[in-house]
Structures are given as C-alpha cells and as structure tokens.
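Subject: Two-chain model, handover and notes

Hello,

Here is the structure you asked for. My notes on it follow below.

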Amino acid sequence: MPINCKKQTLPTIEKEQIDLLARLSNASGVSGDEAEVRKIIREEITPFADSVETDVMGNLIAQKNAKGKCALHVLIAAHMDEVGFMLVDKDSEGIYRFSLIGGIDERSLAGKQVLIGKDHLPGVIGACPVHLSTKEERECILKLESLRIDAGPGCTDLQLGSYAVFATRFQAFGPSLIGKALDNRLGVATLIELLKHCPEHIHLTAAFTVQEEIGARGAAAVAYNHKPDLAFILDSTPAMDQPSYDNAENTQYRTRLGFGPAIYAMDSNTLYDHRMVEFLKTTATENGIPYQIRQPGGGGTDAGAVHLSQDGIPTATISVPGRYAHTAVMIARKSDWENTLRLLTASLDSVSQDIFKNER
Amino acid sequence: MDDNSRITDFLKELISLPGISGYETPVAKAIAAHWKDLTDEIQITNVGNLYGIKKGSASKNGEKPHKIILAAHMDGIGMVIDRFRGEMLHFAPIGGFDPRILPGQQVLIHSGKETIPGVIVQLAPHLLSNPYKDKPVPLHELVIDTGLEEEELRQRVQVGDIVSYANLPVELPTDCIAGHSLDNRASVAAVTQTLIELQRFTHHWDVVAVGTTQEETTFLSHTVVHDLRPDLAIAIDVTFAKGPGVDGWRGKPLSSGPSIGYGANFHPKLVKELQSLSDSLGIATTKDYLPSRSGTDAEPIQNACGGVPTALISIPLRYMHTPVEVISMKDILQTGHLMAEFIARLDQNFMNKIVWED
C-alpha cells in the first residue's frame, strides 16, 4: 500500500483473506498453547517483515522498519489465543475430567465434539440421557464437575495436561463468518494484512500475543519490551444486538453486527486516550468507513496491560463485533471485518505525533 | 471390503443424513439403496415405513411361508421452526431431548429448496424474560441464528421448516462412532449386517427388514403388523451404555454385545430361544431388564392386530438423544450376526416352541 493511499485504494476482504481466516479459526490455540496458530502466522508474515521472533512469553513479534529516521513507532497487537480446555484427570479408559481455560459458560459445553492435543484427536462431551434425568435435575445447570471428555474406550495415548478446543469448522455463509475462536483470529487475520501492506513512514511492531484470555499476560511483556509511541489493539467484542423477548427496544447491545468496527471509549481495564479515539473517528469519517463506539462497560482487551506499561502508552482498541464469543460457534459479519481492516489501513497511513499535540 | 468397514461406512453415511421423525425420506432413500441388492423387493408404505423383503426357501418352493420382521426405526429427534424474532428463529422440539445440550449446537434448516446452516444460541441475559442466572435457559427461549439478515432470512426460511443436527460422524478408538441419530441408525446398520450374512445362508422363513418411522414421536409401527402379519417380530433399538451420566443397573458396558430385553413387552419363549442360541454360539450378551413398558417399537408391534410374539435386542449407546451419541461397531456387528444365526435356524415347526407354560 503506498504511503499516500486514498480511500479508493483501501483494501477489501477477498477469498484469500477468508481462506486464511478459516485456517486460523480451525487451528487449536488455547491460552498457553498457541504454537499451532503461531506457526500459521509465522509462515504468512515472514516474507513481509524485517524480523520475526518468538519472545519469552510466546508472543510472535514482527518488525517492519520505517524508510526514514525518527519514524513513529506503532505497536499493533492482536491476541492469538482462544478459550478452551485442559485434560486434568483420567476417570477410566478414554474418559477424562477437564478444566476450563478462559471464561466459558458451563451451559455451552454438553453435547459438543472437541479436538484434543496437537494431533487433533477427536472426543465428545456427552450428557446424561434425557430418559434418566428428572424434571428437577433438568432445571439445574450441567456443572463442569459432572461433565467428561470421552475420547473413546480404546484411547490410550492421551497425556493429562493436553489442551482441547471445540471441534467447530469454519464456514462463510451469506454476509456472515461462522466458526470458533473468531475472537480473536479476526484480529490476527487483520494484523497479518496490515503487516503485508504497511506504509513506509512508520516503524511497525506487529505483536501476535498470548494468554489474553487469562489476563492479557502476553501483551504486558510486549509493551514493556518494545516501548512503542502508541498502540492499537485489535480484538473481537460481543454483539448482543438481538431483539428482546418482549420486543422492547434493546438498548444494551454493546455492539451491533453490520455497524462497522467497534472503537472503545472505556472498558473494565482502560479509559481510552480520547485523542486516539478522536483520531480513529475522524479517519473513519474522512474515508467514508462506518464505525460504532462500543457501549462502555465490562470486558477488557490487551489494552489494559499495554496502556499502563513503561511510562504509559497511548492506546486504542478496535474490535470486530461478534456474537456468541467463548462458545463453540461465533458469528461475525464480513463487512465489519472489512471495514475494520480499512479503518486500520487508513489510520496507519495518516498516523503521526500530531495526534498528541493537544493535552489529554 | 470386509463386513466391518462396509457397515461402518454405511452407518457413517446414515448419520450424516437428516431423517427427523415424520420426515425420514432422506435416510430412508439411503437405506433402500443399500438394501436393494440384499433383498428381493423394496416397498415404502403410506406412512413411510421401509420394507426390504427377503424371501425364504419355503416361499421360493411355493409353500406357505412363515414370516419374521426385524424392525429398526429410522427416524431421529430434531426440531421445527415455529416463529421469527428479528434475525433469530424460535423452534419447537420433535421428540424428546434435554434442552441443556442445545446452546452452541450447529444445525441445518431444511427449507425445501435448500439447506441453511444455523447455530442454536442462548441470548444475553437482558434479552430473556428472566436472566436465568445459574439456570439453564429453557427451550422456548433458545433461538437459532443463521447469520442471515432478517429480510433474506424471511425469504429463505419458513415456519414449519424442519431442523436437524449438522455435526458429522467421528470415529473414536478402538471401534466407536460418535454422532447424532445413532439412536437408531445403529440398529438399521445391525439389520443390514443380518441381511448381508443371510446372503450366505439358506433360510426357510421370509424375512422383512423394516425401517420404521416416527418411533420418537407417534409410535406408529403397529401399521407394519397390519401390513405384514408377521409370525414373529424382533425390534432393534439402542439402550443406555455405562459411562458419564449412567451407572448402575440400567447401563450396559460398551462392547458387551447385544442386550436382550426381559419384561412384559417381550414373549418369554422367544426371548429364551434368542438367549440360548447366543449362549450356545458364544455370542456375549447382556440382559436388559425393562419392567413394564420398553419405550421401543417392540411395544406397538407386540400389541398390534391381536398380538405378535416380540423380542427386543438393544445396542448399548452413550449420551442418548444428544448429537454426540457413542456406539461400538462390535456391538452392531454382533447384533446383526445373532439375528442372522437365529433366522437361519427358523424352520416350519419353530412356532411350536412359542407357547406359554401353563
């Protein structure tokens, strides 16, 4: 992408990008076990980066040097980990107790296929037959303690400590993208595109971070080590935009599908630098890109760790909205992803220290 | 191809197809295609029951034949679209299942012209009539999201469209299959194994392999008896396998062989014959104690048209009525084998053994 790109040259999401998202979504990468995702990303970005390294935490860091001197140092971070499971005890042949990694609603577990370990061995999370449970029992949640991963009675080669994920396979359908771990493989796929077409006037540190789902642990190390001038965090945020049961106006949607990238004003961990927020809004408006402000409230991103690092780093978060995060199947819109990529592309083209000429 | 891989492939095909109660045609067609070369005649009745008729030597010699039916229901549980809510679809159940397994489940909506993927979801607490904190969200508040926007959704989906599970089968070590509708496609596979083995035997009796419909809902297999007037009937279904959620006397271990039903629903002499044959052949079996009613096709069949001596052979299955039911291929093959051996021994005097001891 040339430095002075105008809105007519902003990128689009094509089959190539969707195919990459499919590979990323289908890969297993639970917090603490991101290697499979990291490998895909490394292969994709190596031809486009000046350096690629995996740091102590497991973050994958790519550097793209600026052409001139005294360039602005921009960090863009997207977490590559997902929520999932770990096998923690063996009950009997092929039957394992498991723990949850990241925030997963117990009510989304029963009756699902899973993939275990690096070899993606199949397993299932079953449930008591409806014929044998009472009405009273069915009014209680199927608790994690009562659920097991069943890998088949002949399964003898599984190690305790193996990670597992939902077995969902990605599909693009109509206007939507459907799959597991779109939180945050959408952000990962966006960052890969940005790195491939990075403008020459900035120094870019592209960080594919680990362990976001258990507390933004990877991003903290990245910000500390690389000391950027400013940071953009790419993530996925819940859209709770469906109609209410009584058709009352749903005013607590957080974000809405089809309304474009979600810019954060405030979440549980971060009061975003409003100069960054204004810059993003202005850039979107000037380029005719739709955007939405995520309704302030709970949740957090890698920004929580990054903006408090060093002597403070101005940070923004931009998310692709998605429904049903942290379950077996998420739904997001291709148009929101494309507009997120376009907003970030336009922002990188025009970003400069001028953002900070006014006091915060 | 050996029998094991032939039946495994067939079963995987069957559980990749929809065949919801009352809408069994997709799976019935696949079964008919497979039974065609194994039987003399295929028939489909007004209510969709599938007959694979294999004539015995008596029939072929012009004698009046005896007839045994092997009845396995083809239908599975599913859902039906019952109303729209913006981009969301509400649904009603077809057959009995525990709604707690539904959130996050991928489904297919069969709209007549096309198949539309969707996922069953529980919405955020503020969108429900009650936050259901630490409670399961009840079935009538769960919805299907297709990813389509409302206008397009209304063009492509109609109230009344049938919904089936979308997940494809997986093989688990050593010889297990996991998937939806193994209740009762596993039994269809067992009956198919019987037909395969009967190609190698001479049998005296006529045999009718029956794929019944609507077992999960209306229990209409009495119509089969009305049609065929069998001398004997064996219903084949699944029973609870031991595993997470099932222990105690109701559960049979996976791979423990066919489970023979004992109780009022079954003719004790027929049961005794099946049991003593399997014992003498060294076929491992378990006893499935079903006091009072069995909840299987054995029930309407036994009670139809003045009564039919009926037995039930069940195949152990984990996680019944979830989309991740698990079954052992060994149990399926042994069930098919036992029935073939039994049929091969049926002669013109066999019915003399099916009498009450008074």
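In chain A, six strands close into a barrel in the order β4-β5-β8-β7-β6-β9, with antiparallel pairing. Strands here are DSSP runs of E of at least two residues, helices are runs of H or I of at least four residues, and both are numbered from the N terminus. Two strands count as paired if DSSP finds at least two bridges between them. Within that order, strand β6 (residues 112-116) of chain A and strand β7 (residues 121-125) of chain A run antiparallel and are joined by five bridges. A:Gln113 stands opposite A:Val124 in β7(A).

Before the rest, the ground rules. This is a predicted model, in which local features need pLDDT of at least 70 and side-chain atom pairs count only at pLDDT 80 or more, while totals for chains, interfaces and linings use all residues. Residues are numbered from 1 along each chain as its sequence is written, chains are lettered from A and ligands numbered from 1 in the order in which they are written, and side-chain values use heavy atoms, with hydrogens and water left out.

Interface of chain A and chain B

The contact (heavy atoms within 4.5 Å) takes 53 residues from chain A and 60 residues from chain B. The two chains bury about 4700 Å² between them, 62% of it on carbon and sulfur atoms. Buried area is the accessible area, with a 1.4 Å probe, that two parts lose on being put together, summed over both. On the chain A side, A:Arg107, A:Phe173 and A:Tyr245 lose the most area to chain B, together 14% of what that side buries.

Five salt bridges are found across this interface, a salt bridge being a side-chain nitrogen of Lys or Arg within 4 Å of a carboxyl oxygen of Asp or Glu. A:Arg333 forms a salt bridge with B:Glu149, the closest N and O atoms being 3.5 Å apart. There are also 22 residue pairs in polar contact between chain A and chain B (both at pLDDT 80 or more). A polar contact is a pair of N or O atoms within 3.5 Å; within protein, one must be able to donate a hydrogen and the other to accept it, and residues adjacent in sequence count only if both atoms are side-chain atoms.

The elements giving two or more residues to the chain A side are β6, β7, α3 (135-138), β10 (171-173), β11 (176-179) and β17 (330-333) of chain A. Of these, β7(A) gives the most, with four residues. By class, the side of chain A that touches chain B has 26 nonpolar, 17 polar and 10 charged residues. Here Ala, Val, Leu, Ile, Met, Phe, Trp, Tyr, Cys and Pro count as nonpolar, Asp, Glu, Lys and Arg as charged, and the others, Gly among them, as polar.

Domains within each chain

Domain bounds come from an automatic or database domain assignment. Chain A is divided into domain 1 (7-82 + 169-356) and domain 2 (84-166). The contact takes 16 residues from domain 1 of chain A and 15 residues from domain 2 of chain A. These two domains bury about 1200 Å², of which carbon and sulfur atoms give 61%. In domain 1 of chain A, A:Val30, A:Asp33 and A:His326 lose the most area to domain 2, together 38% of what that side buries. One salt bridge is counted between the two domains of chain A. The side chains of A:Asp33 and A:Lys118 meet in a salt bridge (3.4 Å, N to O).

Chain B is divided into domain 1 (3-76 + 181-353) and domain 2 (78-165). Between them they bury about 830 Å², 77% of it on carbon and sulfur atoms. In domain 1 of chain B, B:Ile20, B:His321 and B:Pro323 lose the most area to domain 2, together 54% of what that side buries. The count between the domains of chain B is zero salt bridges, and one residue pair is in polar contact (both at pLDDT 80 or more).

Backbone points

Most residues other than glycine have a negative phi, and most peptide bonds are trans. The peptide bond from A:Asp183 to A:Asn184 is cis, with omega near 20°, and A:Asn184 is in helix α4 (residues 182-196) of chain A. In chain B, a cis peptide bond joins B:Asp183 and B:Asn184, with omega about 25°. B:Asp134, not a glycine, has a positive phi of about 60°.

Regards
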